[in-house]
Amino acid sequence: MSPKDAPEQSPSDEITGQSALPLSRVKKIIQLDEDIVQCSTNATFVISVATEMFIQYLAEQGHNVVKSERKPRKNIQYKDLATAVSRIDNLEFLADVIPKTTTYKQFKEKKAKEAAKTPGVEKGQRTLNGNLPAGNKVNGDSKKHDESAKEGDKPSISGPSITLMVDRTVDTQAGGNGQENDVEMTDE
């Protein structure tokens, strides 16, 4: 392709040898990667220019989302970039970095669906000793549990339960001093 056939670029699109991003900071970011031992100044400049072009592309795609709305705005917002990432295949790799925002209500419904799928303790279910499982108390449940304790149920003890076992009997009557046999207890 001869220089005459090349598409004309506007003066703002030309690479001038300067980057809008500070090269020293780009070099510091590159040095954070343990796999890269050295990076030349030219390579740092190319990475900086490529980063500028990527930011420009992402901003243009976000602007296209804004233009497609009924009432176009002058400012690009986070939701516009998230929409662009979800719609455009080239930006799909950013789905984890720029996720779509959800409302609290949508988040709550999603968590409720996930909780329904996982088997767990059902509401009102008790353990073998009749107590409510730890962490299963909802507003009002502790009050119901207190009322059932008044009716003769065992009160629940919070914290870990420890079972003690008799390990062996120690004979301390080695001199006939009249002491009883001691029992040694160990944790299981």
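Mentor: Contact means heavy atoms within 4.5 Å. Keep that in mind, and remember that this model is predicted.

Trainee: What share of the contacts with a separation of 6 or more comes from residues 24 or more positions apart?

Mentor: In this protein, 23% of them.

Trainee: Which elements does the protein have, and in what order?

Mentor: There are 5 helices and 2 strands. From the N terminus they run α-α-α-α-α-β-β.

Trainee: How do I read burial, and what percentage of the residues is buried?

Mentor: Buried means under 20% relative accessible area. Here, buried residues are 15% of the 188 in the protein. The protein exposes about 16,500 Å², and carbon and sulfur atoms supply 52% of that area.

Trainee: Take serine 48. Is it buried or exposed?

Mentor: Serine 48 is buried, because its relative accessibility is 0%. The residue sits in helix α2, which spans residues 41-67.

Trainee: What does serine 48 touch, beyond its neighbours within four places in sequence?

Mentor: Ser19, Leu21, Leu23 and Val26. With serine 19 there is also a side-chain to side-chain polar contact of 2.4 Å.

Trainee: Which residues does alanine 84 contact, leaving aside neighbours within four places in sequence?

Mentor: Alanine 84 meets Gln61, Gly62, Val65 and Leu91.

Conventions. Residues numbered from 1 in each chain as written. Predicted model: local features only at pLDDT ≥ 70, side-chain atom pairs only at ≥ 80, totals over all residues. Heavy atoms only, no water. Helix = DSSP H or I, 4+ residues; strand = E, 2+ residues; numbered from the N terminus. Buried < 20%, exposed > 50% of the residue type's maximum accessible area, 1.4 Å probe, protein only. Polar contact = N/O pair within 3.5 Å; in protein donor to acceptor, adjacent residues only side chain to side chain. Areas by Shrake-Rupley, 256 points an atom, 1.4 Å probe, with all protein chains shown as cover.
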